[in-house]
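Work through the exercises below with the model open beside you. Try each task before you read its solution.

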Amino acid sequence: MEGICIPIALQVCFDDIGWDEGSDLRLRGQASRTGMPRRHVYEDYEAVHLLGKGIGQRIVTPLCLADWDKENLLRGEVGITHDPHGWNRAAEIDTKEFERFAALMDSSESFDITVHGLLHGVYDEHGRQLHEHEFFNTPETHDIEKSGPIPKWDFDRRMDLFFKIYRSWGFKKEIKNFVAPGGTYGDLEAITEIASWLYERGIRNWTNKYRFKDPVRSVAGVTCVTSGGAMPDSFASPPWNCYDFDPSVLGHFVSHENRGGVATFSMHWPNILRFNPKRNAENIELWIDYFKGEAEIFGTMLSKDLAFAGNQLFYHHHTAVERTRLGYRLDVSEVMEKKSAHHPNTLYISLKKGLRPRIESGATLALYEEHRDFDTYEIRHTENYFEILV
């Protein structure tokens with residue numbers, strides 16, 4: 001069994017794309033934003049584009065869209081902003097610059113555009129920030145018995161406003177992903193309730209940290225992929241507000257300390273940026289090298305997008321592999337019971353060099369990637385049981 005594995009497809013996620021001013025404004029009673037002590041500029045979006053292009057991946061890019069409100073749609077919306085009645089983002093926004101940001105995100109294959117939120121939190125009627133997890137209420141914040149989702153009317157209001165702002169910029173990309181600001185709260189019942197609301201809006205993939213043990217789970221038709229970070233000796237992942245970060249200090253993402261095999265490497269937008277945005281590309285080369293290095297590890301591959309990562313994670317955790325006289329027998333019946341309907345019947349396996357695999361029935365096999373010590377193959381199956389002959 002040492003010659004075969006079903007790798008984890010490593011998926012990169014950068015939270016909080018879309019802020020204008022990056023500085024942490026919590027001392028003013030506003031949002032923490034990205035923590036980057038400057039404004040975000042075109043080169044910051046270009047950094048995501050270059051990284052995705054360099055590793056062949058649509059990076060999960062959760063958007064906060066309050067700063068994009070060029071039509072003041074949020075004015076009068078109590079609970080959503082720190083200035084509900086005086087909100088006037090239209091007087092502040094540099095429309096021409098934001099048009100450049102939108103054009104790049106919409107045209108670049110590097111952006112797997114994702115719903116994150118508006119101003120990332122919940123505010124009282126006077127604009128005082130109550131907390132930063134926009135779609136959840138907790139006992140600490142709302143004097144309730146257990147954590148759960150915000151009311152359905154408020155969820156719908158926020159999502160409707162998000163998509164109105166999104167469409168006002170002419171975006172053509174369909175959004176299929178969700179990341180909850182500040183993480184998730186509550187049990188499976190709470191997650192199921194929000195997942196069902198997301199499903200109604202065409203969302204099919206949701207990545208966050210959850211309170212259930214399964215690293216991937218289909219909930220109300222939505223694939224919930226648990227996020228994590230690299231687990232080296234000194235850093236679990238880059239600090240949320242750290243810029244000019246050198247990824248060479250990170251350990252391997254897929255490891256025994258990986259909390260049971262998660263797929264999403266969740267970071268923050270500043271982690272790949274430099275204080276001088278004109279030099280962002282220097283950092284991007286380091287990150288490309290890091291992720292390409294991870295792809296050379298037996299048991300890791302690079303994902304194409306979040307749906308790809310979730311699908312592969314179902315196969316990674318729930319495929320039974322048995323050694324036979326002629327090769328390996330794979331049983332994916334449990335995968336078919338557990339995964340969401342929108343995923344294809346496709347998985348990826350890695351085999352050590354020297355093995356020449358073939359499948360005679362029940363599936364097709366094709367070489368996907370070649371690496372130093374192993375090769376990765378794409379398998380499309382029509383049956384739940386098939387044998388790889390080597």
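Predicted model: local features only at pLDDT ≥ 70, side-chain atom pairs only at ≥ 80, totals over all residues.

**Exercise 1.** Find the order of the strands in the open sheet of four strands, and name its edge strands.

*Solution.* 
- Step 1. Read across the sheet: the order is 1-17-19-18, and the pairing is antiparallel.
- Step 2. Look for strands that pair on one side only: these are strand 1 (4–5) and strand 18 (363–370).
- Step 3. Turn to the helix on this sheet. Helix 7 (residues 306–318) touches strand 17, strand 18 and strand 19 (374–381). The direction of helix 7 makes about 65° with that of strand 17.

**Exercise 2.** Describe the pairing of strand 17 with strand 1 and with strand 19, and decide whether strand 17 is mostly covered.

*Solution.* 
- Step 1. Start with strand 1. Two bridges join it to strand 17 (residues 346–352).
- Step 2. Name the residues. Ile4 stands opposite Leu351, and Cys5 stands opposite Ser350.
- Step 3. Move to strand 19. Seven bridges join strand 17 to strand 19, and the two run antiparallel. Leu347 has Ile379 as its bridge partner there.
- Step 4. Check burial. Six of the seven residues of strand 17 are buried, so "buried" here means under 20% relative accessible area.

**Exercise 3.** How do helix 1 and helix 2 lie to each other?

*Solution.* 
- Step 1. Take the axes of helix 1 (residues 42–55) and helix 2 (residues 95–107). They come within 10 Å and cross at roughly 5°.
- Step 2. Apply the cut-off: angles under 35 degrees count as roughly parallel. The two helices are therefore roughly parallel to each other.
- Step 3. List the contact. Helix 1 gives Tyr42, Tyr45, Glu46 and His49; helix 2 gives Glu97, Arg100, Phe101, Leu104 and Met105.
- Step 4. Sort by class: five nonpolar, one polar and three charged residues.

Methods:
Residues numbered from 1 in each chain as written. Heavy atoms only, no water. Pairing = 2+ DSSP bridges. Contact = heavy atoms within 4.5 Å. Axes fitted to C-alpha atoms, helices over the stretch in contact; angles between N-to-C directions. Parallel < 35°, antiparallel > 145°, perpendicular 65-115°, else oblique. Nonpolar A, V, L, I, M, F, W, Y, C, P; charged D, E, K, R; others polar. Buried < 20%, exposed > 50% of the residue type's maximum accessible area, 1.4 Å probe, protein only.
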